[in-house]
Amino acid sequence: MHDLIIIGAGPAGLTAALYAGRFKLNTRIFERISCGGQILLSPAIENYPGFPGGISTFDLIDKFKKQVEDLGLEIENQSVLEIIPEGKFYNVKTESGVFKTKTVIVASGAASKRIGVKGEDKFIGKGVSYCGTCDGPLFKNKDIVVVGGGDRAVEDAIFLANYAKRVYLVHRRSEFRASQILVDKAKTTPKIKFILEFVVEEIIGGNKVEQVRIKNVKTSVESNLFCQGVFILAGINPNTEFIKNILEINEAGFIIIDRRMHTSKEGIFACGDCVEKGLYQVISACSDGAAAADSAHKYLLKS
Ligand SMILES: Cc1cc2nc3c(=O)[nH]c(=O)nc-3n(C[C@H](O)[C@H](O)[C@H](O)COP(=O)(O)OP(=O)(O)OC[C@H]3O[C@@H](n4cnc5c(N)ncnc54)[C@H](O)[C@@H]3O)c2cc1C
């Protein structure tokens, strides 16, 4: 019987593991792909405190991992398929077995929504990005296309205008889902040009992005925008398929938690990008992970 099973070894899961190790909980960590999570899609991180000038994401994750392994914990390459309650305990089912535990921390993160157009996969890291606040500084004085109509898209368009020569905000509707205050700010930002009722049909280039082909949703008229960057900010999808029958989630699939990372099931905690919250970044994932481990520890002490 384990004290704790952590699902996912991104920043949230690794920080939860660090705290669990220091609480001396009998812990297992299951990661389905490889340690590090989404941040490894970006070569460097510049907004994680303690590293002026930024740090390579591989170096940062290596440090997280070493800190966990130094406590004698191992990150096991296993995908969690299901959590099955049994009395006040849980059976965590993976491809290779079923593991009984008193508590679970779900730190399964999320994946950026793809728009699924030709050229999107080919140019990831070569002009296509899913995070304006992260990669914006790499596009100084460049022309950029931002795709999306929610808060994150408009917020990032405003942020990107600090660096770019011009920002084309391409949105399929004439109205925005984003809050009006952000839309108003974008409208008064001279570098942002609104391209409304258009969708991106294709991302085109040689080794790097050179242009996008867009289509008007009403007239089907097509045209091309020359640009060096395409920021796809159509939202993120939480990796919560495997728990949606046992935990309360919102309509977008994010796990509903309270301020101490408790989920709707006693003994199951959740943290990071898989939960419903305001800021989806490494720093907040780490903070959530620490709080989740602390709550699991307190739960174990009183049960
Ligand atoms: C391109 C890009 C650039 C970014 N740049 C920045 C930046 O500069 N600064 C910043 O602060 N944030 C940045 N972010 C956001 C940041 O990466 C995320 O907020 C952060 O990684 C969330 O951490 P997490 O641990 O909650 O989730 P994730 O990083 O998504 O990690 C979750 C882990 O769980 C694993 N997992 C999922 N399901 C299962 C399962 N069933 N069984 C086992 N394992 C499972 C996944 O494989 C993954 O490794 C960026 C994101 C992207 C996509």
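Predicted model: local features only at pLDDT ≥ 70, side-chain atom pairs only at ≥ 80, totals over all residues.
Which residue is the bridge partner of Phe-198 in β15?

1. Pairing of β14 and β15. The bridge partner of Phe-198 in β15 is Asn-216. This bridge belongs to the pairing of β14 with strand β15 (residues 209-216), which is antiparallel and runs over seven bridges.

2. Pairing of β15 and β16. Strand β15 also pairs with strand β16 (residues 222-226), again in the antiparallel sense, over five bridges. Within β16, Phe-226 is the residue that stands opposite Gln-211. The hairpin of β15 and β16 has five residues between the strands, and there Ser-220 adopts a positive phi near 65°.

3. Is Val-199 buried or exposed? With a relative accessible area of 15%, Val-199 falls under the 20% cut-off and is therefore classed as buried. Setting aside residues up to four places away in sequence, Val-199 touches Val-170, Arg-172, Arg-213, Ile-214, Lys-215 and Val-217. By contrast, Phe-23 is 176 residues from Val-199 in sequence and 51 Å from it in space, C-alpha to C-alpha.

4. The five-stranded sheet. An open sheet with parallel pairing has its five strands in the order β10-β17-β11-β12-β13. Its edge strands are β10 (128-129) and β13 (192-196), each of which pairs on one side only. Leu-169 stands opposite Phe-194 in β13.

5. Helix α4 and its cover. In helix α4 (residues 151-160), the buried residues are Ala-153, Val-154, Asp-156, Ala-157, Ile-158 and Leu-160. The elements covering them include the strands β11 (143-147), β12, β13 and β17 (229-232). The cover also includes the helices α3 (132-135) and α5 (180-187).

6. Packing of α1 with α2. The axes of helix α1 (residues 11-22) and helix α2 (residues 57-69) come within 9 Å and cross at roughly 30°. Angles under 35 degrees count as roughly parallel, and α1 and α2 are therefore described as roughly parallel to each other. The crossing of α1 past α2 is left-handed. On the α1 side the contact involves Pro-11, Leu-14, Ala-17 and Leu-18, which meet Phe-64, Gln-67 and Val-68 in α2. By class, this contact of α1 with α2 comprises six nonpolar residues, one polar residue and no charged residues.

7. Packing of α1 with α6. Helix α1 also packs with helix α6 (residues 282-302), the axes coming within 7 Å and crossing at roughly 35°. Here α1 passes α6 in a right-handed crossing. From α1, Pro-11, Ala-12, Thr-15, Ala-16, Tyr-19 and Ala-20 take part, and in α6 they meet Val-282, Ala-285, Cys-286, Gly-289, Ala-290 and Ala-293. The contact of α1 with α6 divides into ten nonpolar and two polar residues, with no charged ones. Pro-11 is listed in the contact with α2 and also in the contact with α6.

How values were computed
Residues numbered from 1 in each chain as written. Heavy atoms only, no water. Pairing = 2+ DSSP bridges. Helix = DSSP H or I, 4+ residues; strand = E, 2+ residues; numbered from the N terminus. Axes fitted to C-alpha atoms, helices over the stretch in contact; angles between N-to-C directions. Parallel < 35°, antiparallel > 145°, perpendicular 65-115°, else oblique. Left-handed = near helix turned anticlockwise from the far one by under 90°. Contact = heavy atoms within 4.5 Å. Nonpolar A, V, L, I, M, F, W, Y, C, P; charged D, E, K, R; others polar. Buried < 20%, exposed > 50% of the residue type's maximum accessible area, 1.4 Å probe, protein only.
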